[in-house]
Amino acid sequence: MKQWDIWTCDFADAGPHPAVIISHPDRVARAPLVNVLIGSSQRASRPARENEIALNGADGLDWETLVKCDLMYLVEKERLYRRRGTVSITRRRAVVQRINACFGFTLV
């Protein structure tokens, strides 16, 4: 299990969805809780909104999946099961840029 891996997570309020691990590698290696982004469980039927990024087969998913970048979930690693893939290098940059935009992070 490592940063940028995509696993299935059974979210308490939403049920099973793809989850992208975004925690620092040290946290992933040592801590029982990690930060993840939730992906849609259904095939994307619309373009990504300003707070989303689209991942697909290049990332190991079965179809185009919209991932929300404006909300991070803290989940127990033991709730992550069935590894689906890894976010591609190109899309990692896009995810980080989208997170920064969604949270209003800027370097001054």
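Accessible areas here come from the Shrake-Rupley method with a 1.4 Å probe. On that basis, the protein chain in this predicted model exposes about 6,500 Å², and carbon and sulfur atoms supply 51% of that area.

**Fold layout**
- The protein chain has two helices and seven strands.
- Reading from the N terminus, the elements go β-β-α-β-β-β-β-β-α.
- Contacts between residues 24 or more positions apart make up 58% of those with a separation of 6 or more.

**Size and packing**
- The C-alpha trace spans about 35 × 30 × 25 Å along its principal axes.
- The radius of gyration is 13 Å, which agrees with a compact globule, because a globule of 108 residues would come out near 13 Å.
- As for burial, 37% of the 108 residues count as buried.

- Met-72, Phe-103 and Phe-105 make a nonpolar surface patch of about 280 Å².
- One of these patch members, Phe-103, sits in helix α2, which covers residues 89–103.
- Is Phe-103 buried, exposed or partly exposed? Its relative accessibility is 36%, so Phe-103 counts as partly exposed, given that this class lies between the 20% and 50% cut-offs.

Definitions and conventions. Residues are numbered from 1 along each chain as its sequence is written. This is a predicted model: local features need pLDDT of at least 70, side-chain atom pairs count only at pLDDT 80 or more; totals for chains, interfaces and linings use all residues. Side-chain values use heavy atoms; hydrogens and water are left out. Patches are made of residues with over 30% relative accessible area and no salt bridge: like charges are joined within 9 Å, nonpolar side chains (Val, Leu, Ile, Met, Phe, Trp, Tyr) within 5 Å. A salt bridge is a side-chain nitrogen of Lys or Arg within 4 Å of a carboxyl oxygen of Asp or Glu. Helices (H or I, at least four residues) and strands (E, at least two) are DSSP runs, numbered from the N terminus. Buried means under 20% relative accessible area, exposed over 50%, partly exposed in between (1.4 Å probe, protein chains only). The radius of gyration is taken over C-alpha atoms; the globule rule is 2.2 Å times the number of residues to the power 0.38. Contact means heavy atoms within 4.5 Å.
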